[in-house]
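Welcome! Here is a short tour of some strands and aromatic rings. Take a look at the model before reading on.

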Amino acid sequence: MCNFNNQSDDTKLVVHLFMQKAAKNIGGINFLLALIEALRAKKPNPLMQKNCQVASNNTIIKWNKVVFKDKTDIIEKILIAHRESQEKDFNILNEENIKTRKNILNMVRTLTPLEFVVTPQNPNDGEGFSFGVFDTVSEDVVKFNPIFIALFFCSTAFTKSAIKYEE
C-alpha cells in the first residue's frame with residue numbers, strides 16, 4: 001500500500017489530486033511535506049498522541065479521538081500483509097482467520113468516526129482540509145483511505161511520488 005507504483009491508476013490519480021489540493025489549501029507542497037516529517041518524528045505512532053494533534057512550523061493536524069496501540073498494531077499488520085500480496089484494491093475484510101477478522105471489525109468500528117482536520121497556522125495560507133480513515137465502509141467491504149495511509153504510515157517518498165504523478 002505504501003509503494004506508489006503498485007497502486008491502481010485510479011488510486012494514483014485520486015491521491016495525486018488530493019495531495020495537490022491539500023498542499024494548495026495549507027500553503028504549498030513544502031508545508032505538506034513539513035507536516036508529514038512532523039508526523040514521522042512522533043514515536044511510537046502519531047495517532048497515539050494524548051492531545052490528538054501534531055504541529056509543524058506552518059500547519060496543525062488534529063483529530064477527535066486518541067487511537068490506542070492495539071488499533072495501530074492491527075493497521076500495521078494489515079499493511080504488512082498487503083505489501084506482501086500487492087493487490088491493487090485491498091479489502092481489509094478479506095481475512096480468513098476468524099479471530100483476526102473480528103479484531104479488524106472492532107478496529108473499523110472504533111476508527112470509522114475518526115476525522116482528521118489539517119489547518120495552516122496562518123489563515124492566509126489557505127482553509128485547510130479534512131479526511132477520514134476509511135474510503136469505503138460497507139457490510140463486507142472496507143478499504144483504507146489512501147490519504148490516511150500516506151500521511152500516517154508511508155514514507156515522504158510516497159507523498160513526493162504522489163505529488164509529481166502525471167497521467
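## An enclosed strand

Strand 2 is largely enclosed by the rest of the structure, because 4 of its 5 residues are buried. Buried means under 20% relative accessible area, with over 50% being exposed and anything in between partly exposed (1.4 Å probe, protein chains only). Helices (H or I, at least four residues) and strands (E, at least two) are DSSP runs, numbered from the N terminus.

This is a predicted model: local features need pLDDT of at least 70, side-chain atom pairs count only at pLDDT 80 or more, and totals for chains, interfaces and linings use all residues. Residues are numbered from 1 along each chain as its sequence is written, and side-chain values use heavy atoms, leaving out hydrogens and water.

## Its neighbours

Strands pair if DSSP finds at least two bridges between them. Strand 1 (residues 53-55) runs antiparallel to strand 2, joined by 3 bridges; Q53 has K62 as its bridge partner there. These two strands form a hairpin with 3 residues between them.

Strand 3 is also antiparallel to strand 2, with 5 bridges, and I61 stands opposite V118.

## Aromatic rings

Rings of Phe, Tyr and Trp (its six-membered ring) pair if their centres lie within 6.5 Å; planes under 30 degrees apart count as stacked, over 60 as edge-to-face and the rest as tilted. By this rule there are 13 aromatic pairs. One of them, W63 with F152, is edge-to-face, at 5.9 Å centre to centre and 90° between the planes. W63 lies in strand 2 and F152 in helix 5 (residues 146-152), so this pair ties together parts 89 residues apart in sequence. Both W63 and F152 are buried.
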